[in-house]
Amino acid sequence: MIRYHVLTLFPEMICSAMETSITGRAISKGLLEIEAVNIRDYSDNKHFTVDDYPYGGGPGMVMKAEPVFRAHEAVKERIVSPCRTIYLTPQGRTFSQSMAEELAKEEDLIFLCGHYEGIDERVLEEIVTDYVSIGDYVLTGGELPALVMMDTISRLQQGVLHNGESAVLESFSDHLLEHPQYTRPEIWHEKKVPEVLLSGHHKKIAEWKLEESRKRTMQWRPDLLA
Ligand code: 6GU
């Protein structure tokens, strides 16, 4: 059981994605909990503004420290501390499967999603424990990266995948790409399903899958074999 707390200006984006498909089913089953906290609800002024011009000039706006700090304080009251607070930023350490496996052990995770040109550095210094990026490209905000991380971490939680083997099976063929998959009909556009998969010979099938995984990895991601 893991609880996610997402600090964001777009809570509906977080909830609608998480309530869909496998993560949605896991929430319904009580295997995960998600709470999206709207930073705007913690604004410190009557116009509910959460951003302002950057000191020293420059393009765009910067998210103010106080609303983010207050939203974070509100979340902390509901959880067992200490708890990691992950700030999604292209400047962070690149997310990976091994990072997901570490984070999957936590009871609560707080994700802080920035927008505009970022967040006032002073509040980051006080609340953030981990700076994480999902890859070398620039997105408009931290919501999609937070969703990518939560999806990855969620499928590692006990009971989330229907086929209990799936998460483990993939760690067995660690560092290899998945073999191709086929379903009915047996012939489609004159292409036949590989004979071995229809044979019922479990050992041969396992060998075929491993060999296809190796071939695919060699061809598309040789860096994974190194
Ligand atoms: Cl975490 N944030 C943004 N804005 N862009 C990204 C990213 C994060 N990771 C990759 N690109």
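Biologist: By class, how many nonpolar, polar and charged residues does the shell around the ligand have?

Modeller: This is a predicted model. In it, the shell has seven nonpolar and four polar residues, and no charged ones.

Biologist: Which residues surround the ligand?

Modeller: Leu88, Thr89 and Pro90, then Val132, Ser133, Ile134 and Gly135, and also Tyr137, Leu139, Gly141 and Pro145.

Biologist: What is 2.5 Å from a nitrogen atom of the ligand?

Modeller: A polar backbone atom of Tyr137. Ile134 also has a backbone N or O atom 2.9 Å from a ligand nitrogen. For Ser133 the side chain is involved, with an N or O atom 3.3 Å from a nitrogen atom of the ligand.

Biologist: How much of the ligand's accessible area does the protein cover?

Modeller: On its own the ligand has 290 Å² of accessible area, and the protein covers 95% of that.

Biologist: And which pocket is the space taken by the ligand?

Modeller: The second largest pocket. Two elements give two or more residues to the shell, namely β5 (84-94) and β7 (130-133).

Biologist: Which element gives the largest share of the shell?

Modeller: That is β5, with three residues.

Biologist: Changing topic, what does the salt bridge count come to?

Modeller: The count is 15 salt bridges. One of them pairs Arg3 with Asp108, where the closest N and O atoms are 3.0 Å apart.

Biologist: Why does that pair tie together parts that are apart in sequence?

Modeller: Because Arg3 lies in strand β1 (residues 2-8) while Asp108 lies in strand β6 (residues 108-113), the pair links parts that are 105 residues apart in sequence.

Conventions
Residues are numbered from 1 along each chain as its sequence is written. This is a predicted model: local features need pLDDT of at least 70, side-chain atom pairs count only at pLDDT 80 or more; totals for chains, interfaces and linings use all residues. Side-chain values use heavy atoms; hydrogens and water are left out. A residue is near a molecule or strand if one of its heavy atoms lies within 4 Å of it. A polar contact is a pair of N or O atoms within 3.5 Å; within protein, one must be able to donate a hydrogen and the other to accept it, and residues adjacent in sequence count only if both atoms are side-chain atoms. Accessible areas come from the Shrake-Rupley method with a 1.4 Å probe; for residues, only the protein chains shown count as cover. On a 1 Å grid over the protein atoms alone, a cavity is a set of points where a 1.4 Å probe fits but cannot get out, and a pocket is an open set with protein on both sides within 12 Å along at least five of seven lines; lining residues have an atom within 4 Å of a point. A molecule sits in a cavity or pocket if more than half of its atoms lie within 2 Å of its grid points. Helices (H or I, at least four residues) and strands (E, at least two) are DSSP runs, numbered from the N terminus. Ala, Val, Leu, Ile, Met, Phe, Trp, Tyr, Cys and Pro count as nonpolar, Asp, Glu, Lys and Arg as charged, and the others, Gly among them, as polar. A salt bridge is a side-chain nitrogen of Lys or Arg within 4 Å of a carboxyl oxygen of Asp or Glu.
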